[in-house]
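The following exercises are to be worked with the sequence and the structure in view. Each task is followed by a solution in steps.

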Amino acid sequence: MKNILVTGALGQIGSELVMCLRDVYGSDQVIATDIRHVEDHPIVQSGPYEVLDVTDAHRMHELAKKYQVDTIMHLAALLSATAEAKPLLAWNLNMGGLVNALEVARELECQFFTPSSIGAFGPSTPKKQTGQETIQRPTTMYGVNKVAGELLCDYYFHKFGVDTRGVRFPGLISYVAPPGGGTTDYAVDIYYQAIQQRAYTCYIAEGTYMDMMYMPDALKAIIDLMEADPSRLRYRNAYNVTAMSFQPGDVAAAIRQYIPDFVMSYQVDPVRQAIAESWPDAIDATAAREDWGFTTEYDLSKMTEDMLAKLRSKLLQKVS
Ligand code: NAD
């Protein structure tokens, strides 16, 4: 990876991935792009930044050529809850943007990464220890896009030899950028509310388990997979990865270790609850461990300690 183009770079993952890549590969080597232009954003100020709508294939190709890109990390997408509210927009953005990015990768012989999701599973998928290869019949537009995306990336690898790689991310928890409309966003919001209000009203029902991962582990997974020996990759699109599986009451209990008077109540959102119930409780990441040494550092307790500390100083800085 010498010159890396990142789409959707101002989102929850991109905001941290770009900084991490700039640390590892050099600031000028990472070209951040997003449909938004935000002048004072650290991403815009710390290296090359271009406004790019991923549905504009021509501009994507032009930018990739201009910066002599050899790696594309395609993040721009509409997430699960938003995609369910705007399914046609989701199809056009999630599939249109992906095929444009894959075409640029094919034409310019780039290595390619895009994340799939636990949303690529559905109600008929086994709920526990969900395997790498299993039933994938999702019932959401997001899930349909993710399964089609995994297959499309496989197709570009087999048909055109594009070095496509991907993971199925669980819900990602982070404190830098807010999450972008996913079903697992509660697991981020709860930390903000715990610090600011000592109370949180959860839209996901008690007892609903989903896989999760702390952002530092997700960033490491992306880089490790992209650096992995290609001959060891039995699956390219996409590896199951996870760090923990919990239900809302577990996060509340973990937070109470640090904020004993934290109060949790529930007001279930039927749309997001239905999405959550259609996903696995806990997926199996054995293939990722075996093929490219996937590991994680953060469990719920360690993540909670770090999230609360980092968020406290972030929110304090905002006030002062
Ligand atoms: P996000 O919603 O936080 O960010 C998406 C970014 O894409 C935003 O900055 C937005 O401005 C940009 N964007 C929207 N439309 C665009 C367009 N037409 N052209 C260019 N940019 C556009 O999303 P994220 O959480 O960073 O997710 C990135 C990828 O990771 C997505 O494919 C998502 O499905 C996948 N993923 C995320 C999670 C998670 O928990 N965050 C979990 C599993 C998979």
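**Exercise 1: A bridge between two strands**

Task. Identify the bridge partner of Ala32 in E3, and describe the pairing to which this bridge belongs.

Solution. The model under study is a predicted one.
Step 1. Ala32 has Tyr49 as its bridge partner in E3.
Step 2. Strand E2 comprises residues 30–34, and strand E3 covers 49–51.
Step 3. E2 and E3 run parallel and are joined by three bridges.

**Exercise 2: The six-stranded sheet**

Task. State the order of the six strands in the open sheet, and explain why one side of E3 and of E8 is left without a neighbour.

Solution. 
Step 1. The order of the six strands is E3-E2-E1-E4-E5-E8, with parallel pairing, and the sheet is open.
Step 2. At the edges stand strand E3 (49–51) and strand E8 (164–165); each has a single partner strand, so one side of each lacks a neighbour in the sheet.

**Exercise 3: The surroundings of the ligand**

Task. Describe which residues surround the ligand, and which elements supply at least two residues of the shell.

Solution. 
Step 1. The ligand is surrounded by 26 residues, of which Gln12, Ile13, Asp34, Arg36 and Tyr142 are the closest.
Step 2. At least two shell residues come from each of strand E6 (116–117), helix H6 (141–160) and strand E10 (171–173).
Step 3. The space that the ligand takes is the largest pocket.

**Exercise 4: Polar atoms and burial**

Task. Give the distances from Gln12, Arg36 and Leu52 to atoms of the ligand, and state what share of the ligand's exposed area the protein buries.

Solution. 
Step 1. Arg36 places a polar side-chain atom 2.7 Å from an oxygen atom of the ligand.
Step 2. For Gln12, a backbone N or O atom lies 2.8 Å from an oxygen atom of the ligand.
Step 3. For Leu52, a backbone N or O atom lies 3.5 Å from a nitrogen atom of the ligand.
Step 4. The ligand taken alone exposes 830 Å², and 91% of that is buried by the protein.

Note on methods
Residues numbered from 1 in each chain as written. Predicted model: local features only at pLDDT ≥ 70, side-chain atom pairs only at ≥ 80, totals over all residues. Heavy atoms only, no water. Near = heavy atom within 4 Å. Polar contact = N/O pair within 3.5 Å; in protein donor to acceptor, adjacent residues only side chain to side chain. Areas by Shrake-Rupley, 256 points an atom, 1.4 Å probe, with all protein chains shown as cover. 1 Å grid on protein atoms, 1.4 Å probe; cavity = no way out; pocket = protein on both sides within 12 Å on 5 of 7 lines; lining within 4 Å. Sits in = over half its atoms within 2 Å of the grid points. Helix = DSSP H or I, 4+ residues; strand = E, 2+ residues; numbered from the N terminus. Pairing = 2+ DSSP bridges.
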